[in-house]
Amino acid sequence: MELRTQELTRYILPLREGGSLPGLAEADDGFRYAVKFKGAGHGAKGVVAELIGGLVAKALKFNVPEYVLLRLNPLFGITEPDIEVQELLKKSEGTNLGLHFLDGAYTFEPTAYNTDPLFASKLVWLDAFLTNIDRTRLNPNLMIWNGEVWLIDHGASLYFHHSGKDPLLAAKDPFPHIKNHIMLPYASKLEEADKIMRQSITPRTLSKIVDLIPDEWLQEEPVIGIVGDEYVMPSADVDSSAATSVAAKRDVYRQFLTARLADTTPFVSRAIEERKKLGY
């Protein structure tokens, strides 16, 4: 499991339908990418969530555009007239994340297709596992490309990392937001999907995915420690070297994902409960 690294060569236009203001750009391999910038909205945590979420989905055999690490130099997009975009690009110098652009893709609408209950159940499981709050009817982040459903935009996953919550406690979150999931009404095989998904990914695979997070993204904030169920800033005598910071924060994601996989009952049961509330 590895990622290519390319240089961004041409900024084409902002993709304003995304809340984090992604952009369409071209890299030195000649391909176009939807670029998630580390200087946007939630900062590096947004691209960390995008990378982890997308690679977990890919490991579970969902269609996901290729992820590529994209280097942005200080002169990139210098001719962009939009001041907001210029500021975003300046904050994003260094390594960003690109998704291979699905040219001609269009938004998936479940009522227009014979939606497979097992596929819907697997997708609900995935987003509950990742705590992805952004797969709703208003914003499905599902595209049809070449006749197949493709998953995009996982930047709203892993929201525990914005709250400073202990990853082991966060892993027990039943994820009540699943009630808003676009596929929940069709997800009639959640127990079957749970068994399949737990057998389809291992802690080792999750650990490898976490290892792919660029150190640069984990160096954006000071190292944190865990006391009880809260994160705290280190005292002056705590070793807060870059290496310690990166290792500590990388391990937070590793702990969350492996603990959540070890016990899927809270979020699977909650999804089943929410379906019943909807009358299914």
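**Close-up views of a predicted model**

View 1. Keep in mind as you look around that the model is predicted. A pair of aromatic rings is described by the distance of the centres and the angle of the planes. How many aromatic pairs does the count come to? The count comes to 10. In one of them, the ring centres of Trp145 and Trp150 lie 5.2 Å apart with their planes at 80 degrees, so this pair is edge-to-face.

**View 2. Phe160 and Phe256, a stacked pair.** Here the ring centres are 4.4 Å apart and the planes of Phe160 and Phe256 meet at 20 degrees, so the pair is stacked. Distant parts of the chain are linked by this pair: Phe160 sits in the loop between β8 and α4 (167-170), while Phe256 belongs to helix α8 (residues 242-262), 96 residues apart. Are these two residues buried or exposed? Both Phe160 and Phe256 are buried.

**View 3. The open sheet β6-β7-β8.** Three strands make up this open sheet, in the order β6-β7-β8, with antiparallel pairing. At its edges are β6 (106-107) and β8 (148-151), each of which pairs on one side only. Two bridges hold the antiparallel pairing of β6 with strand β7 (residues 142-145). Which residue stands opposite Tyr106? Look for Ile144 in β7.

**View 4. Strand β3 and its two partners.** Strand β3 (residues 32-36) has four of its five residues buried, so the rest of the structure largely encloses this strand. One partner is strand β2 (residues 23-27), which pairs with β3 in the antiparallel sense over four bridges; Gly23 has Val35 in β3 as its bridge partner. The two strands β2 and β3 form a hairpin with four residues between them, and Gly30 in the turn has a positive phi of about 90 degrees. Strand β5 (residues 94-100) is also joined to β3 by four bridges, running antiparallel. In this pairing, Ala34 stands opposite Leu99 in β5.

**View 5. Helix α9 and its two faces.** Helix α9 (residues 265-277) has 13 residues and reaches 18 Å from its first C-alpha to its last, close to the 18 Å expected at 1.5 Å a residue. Its buried residues are Phe267, Val268, Ala271, Glu274 and Arg275. Viewed down the axis of α9, these buried residues fall within an arc of 125 degrees, so they line one face of the helix. Turned away from that buried side is the face of α9 that carries the exposed residues Lys276 and Lys277. Phe267 is also part of a cluster, joined to Trp125 and Phe129 through ring pairs. Just after α9 comes Gly279, with a positive phi of about 90 degrees.

**View 6. Asn132 and its surroundings.** Asn132 is found in the loop between α3 (117-129) and β7. With a relative accessible area of 2%, Asn132 is buried. What does the side chain of Asn132 reach at 3.1 Å? The answer is the backbone nitrogen of Asp134. Leaving aside residues up to four places away in sequence, Asn132 touches Asp127, Asp153, His154, Ala156, Ser157 and Phe175.

Conventions
Residues are numbered from 1 along each chain as its sequence is written. This is a predicted model: local features need pLDDT of at least 70, side-chain atom pairs count only at pLDDT 80 or more; totals for chains, interfaces and linings use all residues. Side-chain values use heavy atoms; hydrogens and water are left out. Two strands pair if DSSP finds at least two bridges between them. Rings of Phe, Tyr and Trp (its six-membered ring) pair if their centres lie within 6.5 Å; planes under 30 degrees apart count as stacked, over 60 as edge-to-face and the rest as tilted. Buried means under 20% relative accessible area, exposed over 50%, partly exposed in between (1.4 Å probe, protein chains only). The expected span of a helix is 1.5 Å times one less than its number of residues. The arc is that of the directions from the helix axis to the C-beta atoms. A polar contact is a pair of N or O atoms within 3.5 Å; within protein, one must be able to donate a hydrogen and the other to accept it, and residues adjacent in sequence count only if both atoms are side-chain atoms. Contact means heavy atoms within 4.5 Å.
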